[in-house]
Amino acid sequence: MATTLSLFWNLSSASKKERIGATVKLVNSLEKFQGQHIPKPEVSPGSEDDDENVGSTDGLDVLNAHDVAYSIRRLIRGLASPRESSRLGFSVALTELLSRLDTVTSAQVISIIVDGSKTQGSMTGQEERDVLFARLFGLATVIHSGLLVRQTPLSTSPSSATNSSSLESYKELVNHLLVLAEKKSWLRECTWWIIGQAIDAVINSSVSWKEEALASTLEVVYEREKNIWTPETVAITLKLQPAMPEHDWKSTLAPMFKDSAILAPANFSSLGRILKETPGGDESQQNNTGTWKAQLHYVWNIIFDSFLPEGEPERRRNALFQEFFRVVVDETLFGASSSPERKFWGFLVFKKALRHVNGTDLPMLFTKNFMRSWINHLSHKDRHLHKISLDVVKDIQDFVQQKPELGYTLILQLTGIHGSQQFDKLTKTKTVESILSRMDSDGIMKYVQSLLEQMDESSGYVDTVADEAKKIWVADQFTALVRNGAIPKREDWIQLILNWFAVQGLYLVKRKSAKGFLAALHVTPSSLPSEDFRRICRGKLLGCLADLIPPTTSQKGDKAPKEGIVDDESWISKVFNAINHLDKDSKHVTCLSEPSQEEQLLLQQAYKTIDHLRQVDGDMKEAARGVELLLSASLLHRRCANLDDDELDAGILEASTCISAAATMFSTDKKSKNRRKSHTISQPESNSIKPIDMLVDVLIGFLEKSTSYLRAIANRTFSCIASAATETTIDLIVVQLERRNPADLVADDEDETASATSEDEDDDDDAECSDEDDDDDAECSDEDNESDLDDGDEAALELRMKIEDALKANGVEAAIGNTDEESEEELVDDEQMMAIDEHLAEVFRSRSGDGKQSKNVNAQREATHFKNRVLDLVDIFTRKMPQSPHNLRLVLPLIELTTKSGKDERQLSDKARGILNNRLAKLKDPLQEVDQEYAETILDELHTRARKAHSSDALAALSHCSLFMCKVLTNVDCEKSVLRLYRESLSDFMTRKASSLNITFFKDFITRYPALGWRLRDDVLDTSPKAINAYRKCQAFQLLNVILTLSTSAGNSQDILSFILKLHTNVLHFIDSACDDQVSLSAAQIKDLFKLVMLSIRQASKVDSSSQNVWDSGAWRTLHGRLVASKRFGSSLAIHKLCSQVDSALQAQHSKQHNSIASKRKAEEVEAEGVPSDAKRKKKKSVPTTQS
């Protein structure tokens, strides 16, 4: 007994692992005891059972060991324990023990369970609850252990006819469970579930009394539940019908159900009312019963196993389940009169069904009422079922993650007839987008094709507004597919989308082409697209191309081609080739804008130039691909912008410039030169302009237009041609970063606007008013004036009101109405006229000032954005060409942006600082072919600006750039210039009070270049007496501390010792002056000085310990006495101790030097006596070995 008592405690542990471990140990121990037990023929009525035993009337002691019988009783009593997880642990142990024992009967165990779980009137509510659960768990152990239907007789029974189970014990168990189900409403569902387990055990067994048991169950259940159908009764019926096919089920199910099969379509409406648990039809009366639970009833598991059994495809009834789901779930749980609680159940049923249905049957779940409720509760967070609706979204996303091939089917349901094309917008989620990102490429292709089919559907009546909205929605879906980076990109469906945008935006489809390679020509559209839709398609075409251009940032280890490039051909080139093919297909399409002769000539030369660029190989291949991209993109932009009234001449100059530059840049022989002449439309005015500069000028023009398409083209092209950049190219980029006066920017814009307006007016006058008289000219001018007034009505009214207020303030009423009417004129004197003039002048000044200020702000903002885009080119160049000497030309402009940008240009300054710190300052390889004089000029300018920097951030940026330039100059052996500039800056820092330099500026230099820092030691020490105050002088000694720590290895021993002696002299004088109150020093500063002296002593001992005696310990002893006598430092014991340590260190160093000198003299005497020095050294070497 002592071996098993300790195991019962862990059965109540909250840890599942501990409970299982205790169960295994307990059952194994009891098996051993039972194997060693010898049954007694009789049991004496007066057994020595203690108070814990129930008694000998249960018969357990006849065939079982004493420990086994005690454990059975103990485990049954433990089922009523409220401690932690005792009910779980004891029920598992009892189930496992009963499954291994063949010496007990089901009747015995049921009797003990019932006797040990009786309720009494004096029990509290918690005690009654524990007892009822003990009976429920105990009866469940009889079923789960298999004891209820065990057929083997008792192994050691005196009568071999005694069986472990019987029909009577089964009936008794069912009756006890039915009574238990009626006691408490919260016990009903779980108790009926246990009854279902008992029925399953009987059905799956081969007991002789199976039919009688099922018949008795049927009689008891329907006798007790007559005319009252509940989900539990439905669950029992679903279990009994397959096991009792010969029973008259029609009479049993009547009058509630019409058909004898409970899952027949005729019974679905009645079944829906039962599963909804509102048999009376008035759901409002059922909501307040307090019996609703957030979990689904277990009957739904039985229903799904009946319709859609897992692992048995031949027994699946998909069509019947579709009808069941429509009637019971969609029309009942999601009906218009359903409460939120029933709809909650409906969502749970949908989640369960999603795991059971196949891909082909998936659409049947997205029914009308379900989709309406789902969308409504997803759209607002304050809806009751918003959380469960989000859970449904997560389940769908996980479902697509596991089965990507079904994503296309789900998308069709969400955007189909019961859903909405704007599903994500209505629900304020990214459900469709997330499903698309989890789909495979085949599913995306199917989705694209389905969208094209929706676009090209034709019907008898076409609603123009609805058709236009549908087309715009399809275009938005295509754009979302291209822009979503999580969607796997594949060439076929991307090309399909781009071609569709090109056809819809640039052409008019006349006839369908079944054999064409463009899918947009396969079906004739139902209606002609509007001009607004065509403009949208053109914009989306350029936007998609911008998103498909691969980024200029390259990641390490990426050997696969980037998205957007397939077979070394850009998407822009593919679209350009498709447009070329469509231009030749006049049978099926008509171009919306017919090109002029000049444009046709431009296109012919562009095609020839592209063919020539594709033949370029070798080092210039990447540059040729960049020029080809730029040329194709310019022509495509020209084609799209030509249809817009605001950009009639876009792309012509850019394309012709690209052709001229390409002909010059990639000409290799005479043949190519002749070809260049035929390609060129107009040569540049100056032959000195380099072709790379012409291309970069085009890119800068693209960046000025600030569209995503042109910006992506500019960045990608420059990334390809960056290797061909020259000094003039970098200067051209740098000029764009210069800071200009906003007024100048406004003036330039006004000049451009005025010139353009004058040209337009000249053209209009030549075309319309050349043969007209003066009256016609007057009419033309009147029309222009009217249009101007229309544009500025609001501003004119505001100005008029201000003028009237000014007149009223001076006693003059403004003229209102007709001025021809007679009125008495009121004269105004000179003083009033002067006051009116002042007020009117103030009105006009404020108006012009407001206009100029707003224009200045807008111009400055546009200039900032433009510089931000230009910085992308700078970043690309520094990344692509890290060893180029042209990087030096970027230092000062970037410093200008970093240090002189305003508060509204914070993003610009941060970006420039990032390029300086992350690109230039971290270059590992040295620059090639550096101009030494130019590099010295840059470093000089950096130090000049550092001395006048207005912020610590600006000084830090200048310090980083200065270190970068030091690296450049040291690589070309130009340390003298570096030292000269740092000496000048050091002198400025020490001697000028307004100097913006700080000690960090010099510490960074010494830390990065210790050898150069050592060469500054004397300059720092000599400049320290000239410091403007004691604080700067202390900072000089801090620099010397850094130099001694890092740079002593760069000098010889003699220089180090002489410098340290000089340092000691200066420190002694400095501290001595502090004792005389000539200099104001704090105790912390004195301590730092002593630490510097100690550092110098240690460094000197490392260099040469046998040199001449340079230490003067007596001066430090004298200083110690002065510090003790000083009024200011006399009480500082820490300073006195440090001074004593210096004195002790110097004395130790002096003794070491004295011993070294004595050993040298002895060696000289030995050599004078005739003993060679080599023998002496051998003797010294042998001494340690003998001692060891």
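E929 sits in the loop that links α40 (906-920) to α41 (932-946). Helices here (H or I, at least four residues) and strands (E, at least two) are DSSP runs, numbered from the N terminus. The phi angle of E929 is near 55°, a positive value in a residue other than glycine. With a relative accessible area of 77%, E929 is exposed. For that label, buried means under 20% relative accessible area, exposed over 50%, and partly exposed in between (1.4 Å probe, protein chains only).

Before going on, a word on the source: this is a predicted model, in which local features need pLDDT of at least 70 and side-chain atom pairs count only at pLDDT 80 or more, while totals for chains, interfaces and linings use all residues. Residues are numbered from 1 along each chain as its sequence is written, and side-chain values use heavy atoms, with hydrogens and water left out.

K428 also has a phi near 55°, again a positive value in a residue other than glycine. Its place is the loop between α21 (423-427) and α22 (431-438), and at 61% relative accessibility K428 counts as exposed. Most residues other than glycine have a negative phi, and most peptide bonds are trans. On the peptide-bond side, the bond from A254 to P255 is cis, with omega near 0°. You will find P255 in the loop between α12 (249-253) and α13 (268-275).

Now to the helices. Two packed helices are described by the angle between their axes and the distance between the axes. Axes are lines fitted to C-alpha atoms, for helices over the stretch in contact, and angles run from 0 to 180 degrees between N-to-C directions.

| Helix pair | Axes come within | Crossing angle |
|---|---|---|
| α27 (residues 571-584) and α29 (residues 621-641) | 9 Å | roughly 50° |
| α23 (residues 441-455) and α25 (residues 491-506) | 9 Å | roughly 20° |

The angle makes α27 oblique to α29, whereas α23 and α25 are roughly parallel to each other. Angles under 35 degrees count as roughly parallel, over 145 as roughly antiparallel, 65 to 115 as roughly perpendicular and the rest as oblique. The crossing of α27 past α29 is left-handed, and α23 passes α25 in a left-handed crossing too. That term applies if the near helix is turned anticlockwise from the far one by less than a right angle; clockwise is right-handed.

Contact means heavy atoms within 4.5 Å. In α23, the residues S441, I444, M445, V448, Q449, L452 and M455 touch D492, W493, L496, I497, W500 and Q504 of α25. By class, this contact of α23 with α25 has nine nonpolar, three polar and one charged residues. Here Ala, Val, Leu, Ile, Met, Phe, Trp, Tyr, Cys and Pro count as nonpolar, Asp, Glu, Lys and Arg as charged, and the others, Gly among them, as polar.

Leaving aside neighbours within four places in sequence, the contacts of R538 include C640, E531 and D644. The C-alpha atoms of R538 and C640 are 6.0 Å apart, although 102 residues separate them along the chain.

As for the whole protein, there are 52 helices and four strands, and buried residues make up 47% of the 1188 residues.
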